[in-house]
Amino acid sequence: MTATTRDIAADITAAIIARLEAGTLPWQRSWSVTGEGGRPLRHEGVPYTGINALWLWATADTYGYRSRYWMTARQVRELGGEINRDARPSFSVYASTFRKAGMPNLLGATADQMIRFLRSYVVFNADEIVGLPDYYYPREVAPTPLLISERQDRDRRLLWRYSGQGPSRW
C-alpha cells in the first residue's frame, strides 16, 4: 500500500471502536437530535444505505452537522453552490463486483473471474456549502417531546402505583 492510499475499512473500524469505547453505539441514533434528523441523503434525496449511513451519521454527529444532505464537489458545482474553505470532507464507499472473461486454461476451457472492488468518493455535508437551494438546509425544528417508550414507561409506573397491581399481572 502506498503512502497516498487510504485504508477505508480501517478508518471506519477505528471510528466505530472509538464510539464504542466512548460508550455510544454508533448504530443507534438519538431521534431527538436538532435539525431534520433521519438517514443521510444523497444530493438527489436518495437515502444512503449500509456502512455509508452509519459512517455519515457518525461524521455528522462528530462535527454537529444538521443537514441530512451529502454531495461531491462536482454535484455542488452543478447545483450552483460553493464549498466553504474550511469544510471537512468525508467519504462515501461503493463496493461491487464484476465478471472478467477468463483466459483458456490447458484444457481449453475458460473460467470467468469474479473481481471485487471498493471505491470511495469524497463528499461534503450541505452545512458546509453555500448557495444551494433552500431545501438542502435544515429547517428549524422544535425539540422532540418525550419519546413514546419513555411516556409508556412513565404511564405504566403510574398505573402500577395507583392500581396496586404489579408487573406480573399485566
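Predicted model: local features only at pLDDT ≥ 70, side-chain atom pairs only at ≥ 80, totals over all residues.
Reader: Okay, where is Ser67 placed?

Author: Ser67 sits in the loop between H2 and strand S1, which covers 70-71.

Reader: Is Ser67 buried or exposed?

Author: The cut-off for buried is under 20% relative accessible area. Ser67 has a relative accessible area of 4%, so it is buried.

Reader: Which residues does Ser67 touch, leaving out those up to four places away in sequence?

Author: Asn125, Ala126, Asp127, Tyr136 and Pro138.

Reader: Rings, then. How is a pair of aromatic rings described?

Author: You give two things, the distance of the centres and the angle of the planes. Searching the whole structure turns up seven aromatic pairs. One of them is Tyr69 with Tyr136, an edge-to-face pair with 4.8 Å centre to centre and 75 degrees between the planes.

Reader: Which parts of the chain does that pair link?

Author: Distant ones: Tyr69 is in the loop between H2 and S1, while Tyr136 is in the loop between strand S5 (129-130) and helix H4 (148-163), 67 residues apart. Tyr69 counts as buried because its relative accessibility is 16%, and Tyr136 is buried too, at 3%.

Reader: And why is the pair of Phe98 and Phe117 called tilted?

Author: The ring centres of Phe98 and Phe117 are 6.1 Å apart and the planes meet at 50 degrees, so that pair is tilted. An angle over 60 would count as edge-to-face, and one under 30 as stacked. This pair also links distant parts of the chain, with Phe98 in strand S3 and Phe117 in strand S4, 19 residues apart.

Reader: Which residues form one aromatic cluster?

Author: Tyr63, Tyr65 and Trp70.

Reader: What do Tyr94, Phe98, Phe117 and Tyr121 form on the surface?

Author: A nonpolar patch, and together they have about 380 Å² of accessible area. Strand S3 (90-100) and strand S4 (113-125) are the elements that give two or more residues to it. Tyr94 belongs to strand S3 and is partly exposed, at 42% relative accessibility.

Reader: How about places far apart in sequence?

Author: Take C-alpha distances. Gly50 and Val93 are 43 residues apart along the chain, yet their C-alpha atoms are separated by 9.5 Å. Gly50 lies in helix H2, residues 50-63, and counts as exposed at 58% relative accessibility. Another case is Arg77 and Leu132, 55 residues apart in sequence and 9.5 Å apart, C-alpha to C-alpha. Arg77 is in helix H3, residues 73-78, and is exposed at 58% relative accessibility.

Reader: Now zoom out. How many helices and strands does the chain have?

Author: Four helices and five strands, running α-α-β-α-β-β-β-β-α from the N terminus on. Of the 170 residues, 26% are buried. The chain's accessible surface is about 12200 Å², and carbon and sulfur atoms account for 54% of that. As for contacts between residues at least 6 apart in sequence, 65% join residues at least 24 apart.

Definitions and conventions. Residues numbered from 1 in each chain as written. Heavy atoms only, no water. Patch = residues over 30% accessible without salt bridge, like charges linked within 9 Å, V, L, I, M, F, W, Y side chains within 5 Å. Areas by Shrake-Rupley, 256 points an atom, 1.4 Å probe, with all protein chains shown as cover. Salt bridge = Lys/Arg side-chain N within 4 Å of Asp/Glu carboxyl O. Buried < 20%, exposed > 50% of the residue type's maximum accessible area, 1.4 Å probe, protein only. Contact = heavy atoms within 4.5 Å. Phe/Tyr/Trp six-rings, centres within 6.5 Å; stacked < 30°, edge-to-face > 60°.
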